[in-house]
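I opened the notebook to keep track of what I looked up. The sequence and the structure come first, and my entries follow.

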Amino acid sequence: LDGGNKVHVGFRMDNISGSTDDGDRPSLIAPDLRARNIRRHTLALAYGSGINVDGAWELVDLERAVVENVTMAAAAHNVGIQGIDGIRLSRTGAGDVRDAHIGKALVRNVWSDDDEEFRDQDGIVMFSVFYDLPTPMASSSRMSVDGARVENVRGRSIKCQGHHNYISNVH
């Protein structure tokens, strides 16, 4: 998927079914998924991701995903709320991912045009808990990143907000 610097999300898959029952959630297995040349050029756009998966999933498996060149215009950053990222897995009101695995992925070149800004420009982001509620919602999600390479990312290589995370062999 080549966005040609004209799209703000390369690949997006949402499960908004609302079902969080065991066995009633779909799975997303997408080996070798690729996205490049993604650009968030205005604050009016939600997200800025190479790969974005939201909602209640039983399993999300992104083996050998490759994301390159996710950029953001200087005026498109909403500090602490929305920036850009290479791969994003996140919870919605419908629920969260039960099991997530990102294996042998490559995320390269995630940055803003604003040389003074270093926040919210992350390689891999995984959210399974709403921390902005008065009482954070508990989650039984299990998220793992194994064997990934994260290169030339201005912010964090990996950001996890969840209870059961496993990160191994990341370069």
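Is K104 buried or exposed? I found K104 exposed, with a relative accessible area of 57%; buried means under 20% relative accessible area, exposed over 50%, and partly exposed in between, with a 1.4 Å probe and protein chains only.

Before going on I noted that this is a predicted model, in which local features need pLDDT of at least 70 and side-chain atom pairs count only at pLDDT 80 or more, while totals for chains, interfaces and linings use all residues. Residues are numbered from 1 along each chain as its sequence is written, and side-chain values use heavy atoms, with hydrogens and water left out.

**Entry: backbone angles**

I looked up where K104 sits, and found the loop between β8 (97-103) and β9 (106-112). Strands here are DSSP runs (E, at least two residues), numbered from the N terminus. K104 is not a glycine, yet its phi is positive, about 55°. N152 also has a positive phi of about 55° without being a glycine. I found N152 in strand β12 (residues 149-153), and N152 is exposed at 53% relative accessible area.

**Entry: two asparagines**

I then checked N109, which lies in strand β9 and is buried, with a relative accessible area of 15%. The side chains of N109 and N152 are joined by a polar contact of 2.6 Å (a pair of N or O atoms within 3.5 Å; within protein, one must be able to donate a hydrogen and the other to accept it, and residues adjacent in sequence count only if both atoms are side-chain atoms). Leaving out residues up to four places away in sequence, N109 touches E68, N69, V70, E151 and N152; contact means heavy atoms within 4.5 Å.

N15 is in strand β1 (residues 9-15) and counts as buried at 7% relative accessibility. A polar atom of the N15 side chain lies 2.2 Å from the backbone oxygen of A56.

**Entry: salt bridges**

Side chains of opposite charge can pair when their charged atoms come close. How many salt bridges does the structure hold? I found 14 of them, each a side-chain nitrogen of Lys or Arg within 4 Å of a carboxyl oxygen of Asp or Glu.

I looked at the salt bridge between the side chains of D32 and R64, at 2.7 Å from N to O. D32 is in the loop between β2 (27-29) and β3 (34-40) and R64 in the loop between β5 (57-63) and β6 (66-72), so this pair ties together parts 32 residues apart in sequence. D32 is partly exposed at 38%, and R64 is partly exposed at 37%.

Next I looked up R108 and E68, whose side chains meet in a salt bridge of 2.6 Å, N to O. R108 is in strand β9 and E68 in strand β6, 40 residues apart, and the pair links distant parts of the chain. I also noted a network of salt bridges that links E68, R108, R149 and E151.

**Entry: the core**

Which residues touch the most other members of the largest nonpolar core? I found I51, V60, L62, I87, L89, I102 and I124, out of 34 residues. A nonpolar core is a set of buried Ala, Val, Leu, Ile, Met, Phe, Trp, Tyr and Cys residues joined through side-chain atoms within 4.5 Å.

Definitions and conventions:
Helix = DSSP H or I, 4+ residues; strand = E, 2+ residues; numbered from the N terminus.
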